[in-house]
Amino acid sequence: MNAGARLALYGAGLVAAFGAAFGVAAAVAPDAVVTAWNEEDKVDGHGGGHTTAPTDGTASDGAQSESAHGAPGDGAHGAHAPQGVTLSADGYTLTAVAAPSGAGEQGELSFQILDSAGEPLTSYAIEHEKELHLIVVRSDGAHFRHVHPELDAHTGAWSIPWSWEAAGTYRVYADFTPAGDGAQGLTLARSVEVAGDYTPVSAEPSRVDEVGGYTVELAGDLAPGAAQELTLSITRDGEPVTALEPYLGAFGHLVALRQGDLAYLHVHPEGAEPGADDLGGPEIAFAAEAPTAGRYLLYLDFQVGGRVHTAEFVLDAGAAAAGHGHAHSGGH
């Protein structure tokens, strides 16, 4: 199977051009992007990011946007509209996200997915061993989390115990597939403002990360519009790690976000799904395609000894590398 076919299989339509080319370098999502996120939330009628997720099935239709997989007659963007940049697509809407309002506060994060009739969605297909994957990251790429909330089958509300590590604007992504033949995977997103002092960090190119005593190195490059192989190699104390355990049906999961608008791409390793008792490593290979030139923030989840670790990387794709060579304070 060639790399393009694997992308179609594992990306479930997420490996598509996200739209207009990425612009100038920035250590955080541009103010205009964050403003657009917040205005989108307001137009939808759900208000800010800290209101309680509705349980009565009501919702405004004001923010219905074109499908994340494209809509008939939408021209050049067609099936290549971005994932993770709208709160509504294909008739489904992510409600306001209820969560603690300030950094360090203990509480719960909750939300619903509403269908085109404004009713809570309660039936989901299982993808990678879960009905819904929740991705949360701050606008500068820091404080990434990939978690799995619990569904209340009566109200359709998803919830998980929650606290924010730091202040700032966060992007919350719900990655799911409605149950039913022919249903396509969707990634809907909203912004959440977390009160407190906020100091953004930069995201400079990086191919090596140290996490939990493991060293993870990334080989390969991203190229706009072309499938490329990325290989992640994991060692510990200089020795190859060959005890990678299956996690959500794979030896590793890779999420990529385009810096600037945090458009979302979720890909999985090449090769067959491992058995429950299989072990892998030290390498995990992915087929990945950068939809446009730009800087991308990459996050690899892998599991050893029952513990999940997340390694972080930053890659430039295409001509964007020429515009990203400036030093910034802080670090990713």
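Rings of Phe, Tyr and Trp, the last taken by its six-membered ring, pair if their centres lie within 6.5 Å; planes under 30 degrees apart count as stacked, over 60 as edge-to-face and the rest as tilted. By that rule Tyr92, Tyr124, Trp158 and Phe176 form one aromatic cluster, and the count of aromatic pairs comes to 8.

Before I go on, the basis. This is a predicted model, where local features need pLDDT of at least 70 and side-chain atom pairs count only at pLDDT 80 or more, while totals for chains, interfaces and linings use all residues. Residues are numbered from 1 along each chain as its sequence is written, and side-chain values use heavy atoms, with hydrogens and water left out.

Back to the rings. Tyr124 and Phe176 make an edge-to-face pair, 5.8 Å centre to centre with 75° between the planes. The two are 52 residues apart: Tyr124 is in the loop between strand 3 (107-114) and strand 4 (132-138), Phe176 in strand 8. Strands here are DSSP runs of E, at least two residues, numbered from the N terminus. Both Tyr124 and Phe176 are buried, meaning under 20% relative accessible area; exposed is over 50%, and partly exposed is in between, with a 1.4 Å probe and protein chains only.

Next, Thr177, in the loop between strand 8 (168-176) and strand 9 (186-194). Is Thr177 buried or exposed? At 8% relative accessibility, Thr177 counts as buried. Contact means heavy atoms within 4.5 Å. Leaving aside neighbours within four places in sequence, the contacts of Thr177 include Tyr124, Glu127 and Gln184.

Now the cores. A nonpolar core is a set of buried Ala, Val, Leu, Ile, Met, Phe, Trp, Tyr and Cys residues joined through side-chain atoms within 4.5 Å. The largest one has 28 residues, and Val216, Leu222, Leu298 and Phe302 have the most contacts inside it. Among the strands that each supply at least two residues of this core are strand 11 (214-219), strand 12 (227-236) and strand 17 (294-304). Which strand gives the largest share of this core? Strand 17 does, with 5 residues. Not counting residues up to four places away in sequence, Val216 touches, among others, Leu232, Ile234, Leu300, Phe302 and Phe313. A second, separate core has 26 residues, including Phe111, Ile113, Leu132 and Trp164.

On to charges. A salt bridge is a side-chain nitrogen of Lys or Arg within 4 Å of a carboxyl oxygen of Asp or Glu. The structure holds 5 of these salt bridges. In one, Glu204 and Arg295 have their closest N and O atoms 3.9 Å apart. Glu204 lies in the loop between strand 9 and strand 10 (208-211) and Arg295 in strand 17, so this pair ties together parts 91 residues apart in sequence. Glu204 is partly exposed at 25%, and Arg295 is buried at 2%. Glu204, Arg295 and Asp316 are linked in a network of salt bridges.

Arg207 and Asp221 also meet in a salt bridge, at 2.4 Å, N to O.

Last, charges over rings, which require NZ of Lys or CZ of Arg within 6 Å of the ring centre and within 35 degrees of the ring normal. The charged end of Arg145 sits over the ring of Trp162, 3.8 Å from its centre. That of Arg236 sits over the ring of Tyr214, 4.6 Å from its centre.

Definitions and conventions. Helix = DSSP H or I, 4+ residues; strand = E, 2+ residues; numbered from the N terminus.
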